[in-house]
Amino acid sequence: MDRLKTIRRKFTAANGREVTVTYFTIQGTTPGPVMTIIAGQHGMEHSGPNLLPEFMDELVQTDFAGTVHVCPCANPLALEIDYEFYPENEDLSLIDNYYYSIFRHNYCPWGLGRDNGDTVYNMNRLWNHPGNSGVAGQITRWLWDEICRNANIILDLHALQAEKPLIFSSHPKNNLIARYAGIEAVVMTDPNPSVYNAGNLSYQGSQGENQYTICIEFSRQHGLKESEYELGKQAIRNIMIGVNMVSGVVIPAKPVWLVPFHNRGQAMNVSHTGHIRYLVELYDRVRKGDKIYEVRDIQTIELLEEGFASNDGIVFHLSFYPVIAPRHTPCWILEAEQMVVPGEALEKLSLNAPTAECFGSTSDNEEKYEKLDFTINDFLAENSECPKNNITLEPEIFTKTKFSPGGNQ
């Protein structure tokens, strides 16, 4: 029996451009959960679209329980122009003179970027969107009905600009899945998003009682980072092992930190302009008083200042600027809870288990802080150095359990 099925559908944009979207269904050898993997919603995020064909080649030779749907390139028109969205009603010639820079990350040649307000061109705000939302909305409606509505697990693959990947989670129950992936930071998003932001796939895909969705953010936009492909494939393998789709055990190599949405962390500040030298890495655990960086004068090489953590937490975002100045935030030290202990095997998850045994809380009011400095949304919105309202990493993956052809390890 051919276990791989290919499904394609054509769509037409407002400017008359036709586009074909493809998804694949790989049938397991025994009954089990349904997993859907979607990538390429944003056109400058190429890691998912490139690693998923390799993963499918591996999966069709593997005995596993359940069904896996894979859509590597959900938004081909945006991927083709290497831009976040495809502005089908705008003057597309403006893209010809566009260039990307990490220092003007949110610049949009049409004035429709994230700094300019909400746009219906952004595919990842159109899931179950009620209105007329163009070709991107047509695609999301088709994919939702075909492969998302009845999925137990949805993995939404994206990319941001940072030093390492991370995971965004919209509901505490999703953290039961996220902990398997081998990515060091799981960041909680707004539990009560606006109507516009509620059109995010990870939010819509978490509404079902027995449905889990996470957003995996790789670490490079507008480019290729082949070194991450194995990390992404291993993250999917680990999740399949964790939910009993594949036999094996997941043993974390590094801690996994849960970053709460309401956060008492602190931004660090500098008083001088000069070369900055960081003494920590992204997601390192630090204590109050730990030395984080040094700033040196460019002309004299003298030490101008040292930065020390003002609170316990993890290092969250390191500035992209090699020459730091008082107008820049060198880094943040955010409050975080350790979800996973390195070296200890993680318990398997039955997808029929109650979802109450989760990490974190959905309640905005569960903890009232006397000093609540900001929410994750505040950090993402204000930190223009953190492109696409995101961060990036190259996490150490969990114990490798690579599938073998025709069987499991």
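## Arg-287 and its loop

Let's start with Arg-287, which sits in the loop that joins S13 to strand S14 (291–296). This is a predicted model, so everything here describes a computed structure. With a relative accessible area of 44%, Arg-287 is partly exposed, because that value falls between the 20% limit for buried and the 50% limit for exposed.

Which residues does Arg-287 touch, once residues up to four places away in sequence are set aside? They are Ala-309, Asn-311 and Asp-312. Take a look at Asp-312 in the structure: Arg-287 and Asp-312 are 25 residues apart in sequence, and their C-alpha atoms are 4.3 Å apart in space.

## The chain as a whole

Of its 409 residues, 57% count as buried. The chain exposes about 17000 Å², and carbon and sulfur atoms supply 45% of that area.

How much of the contact in the chain links residues 24 or more positions apart? Among contacts with a separation of 6 or more, such pairs account for 76%. Keep this in mind as you meet the pairs below.

Helix H1 (residues 47–59) packs with helix H6 (residues 229–242) at an angle of about 55°, and their axes are 9 Å apart. That angle makes H1 oblique to H6. The crossing of H1 past H6 is right-handed.

Which residues make this contact? From H1 come Ser-47, Asn-50, Leu-51, Leu-52, Glu-54, Phe-55, Glu-58 and Leu-59. From H6 come Tyr-229, Gly-232, Lys-233, Ile-236, Arg-237 and Met-240. Sorted by class, the contact of H1 with H6 has 7 nonpolar, 3 polar and 4 charged residues.

## Ser-47 in helix H1

Ser-47 belongs to helix H1 and is one of the residues in the contact with H6. Is Ser-47 buried or exposed? Its relative accessibility is 1%, so Ser-47 counts as buried.

Beyond residues up to four places away in sequence, Ser-47 touches Phe-218, Glu-228 and Tyr-229. Ser-47 and Tyr-229 are 182 residues apart in sequence, yet the distance between their C-alpha atoms is 6.8 Å.

Leu-224 is partly exposed, with a relative accessible area of 43%. Leaving aside neighbours within four places in sequence, Leu-224 is in contact with His-46, Asn-50 and Tyr-229. Asn-50 and Tyr-229 also take part in the contact between H1 and H6. The C-alpha atoms of Leu-224 and Met-44 are separated by 9.9 Å, although these residues are 180 positions apart along the chain.

His-222 has a backbone feature to look for: its phi is positive, about 55°, although His-222 is not a glycine. Most residues other than glycine have a negative phi.

## Tyr-283, another positive phi

Tyr-283 also has a positive phi, near 75°, and is a residue other than glycine. Where does Tyr-283 lie? Its place is the loop between strand S12 (274–278) and strand S13 (285–286). The relative accessible area of Tyr-283 is 2%, so this residue is buried.

Our last stop is Tyr-83, found in the loop between helix H2 (76–81) and helix H3 (134–148). Tyr-83 counts as buried because its relative accessibility is 5%, which is under the 20% cut-off.

Which residues surround Tyr-83 in contact, leaving aside neighbours within four places in sequence? The list is His-42, Gly-43, Met-44, Ala-78, Ile-95, Tyr-98, Tyr-107, Cys-108, Pro-109 and Trp-110. Met-44 is the residue whose C-alpha atom is 9.9 Å from that of Leu-224. Tyr-83 and Glu-45 are 38 residues apart in sequence, with 8.5 Å between their C-alpha atoms.

Technical notes:
Residues are numbered from 1 along each chain as its sequence is written. This is a predicted model: local features need pLDDT of at least 70, side-chain atom pairs count only at pLDDT 80 or more; totals for chains, interfaces and linings use all residues. Side-chain values use heavy atoms; hydrogens and water are left out. Axes are lines fitted to C-alpha atoms, for helices over the stretch in contact, and angles run from 0 to 180 degrees between N-to-C directions. Helices (H or I, at least four residues) and strands (E, at least two) are DSSP runs, numbered from the N terminus. Angles under 35 degrees count as roughly parallel, over 145 as roughly antiparallel, 65 to 115 as roughly perpendicular and the rest as oblique. A crossing is left-handed if the near helix is turned anticlockwise from the far one by less than a right angle, and right-handed if clockwise. Contact means heavy atoms within 4.5 Å. Ala, Val, Leu, Ile, Met, Phe, Trp, Tyr, Cys and Pro count as nonpolar, Asp, Glu, Lys and Arg as charged, and the others, Gly among them, as polar. Buried means under 20% relative accessible area, exposed over 50%, partly exposed in between (1.4 Å probe, protein chains only). Accessible areas come from the Shrake-Rupley method with a 1.4 Å probe; for residues, only the protein chains shown count as cover.
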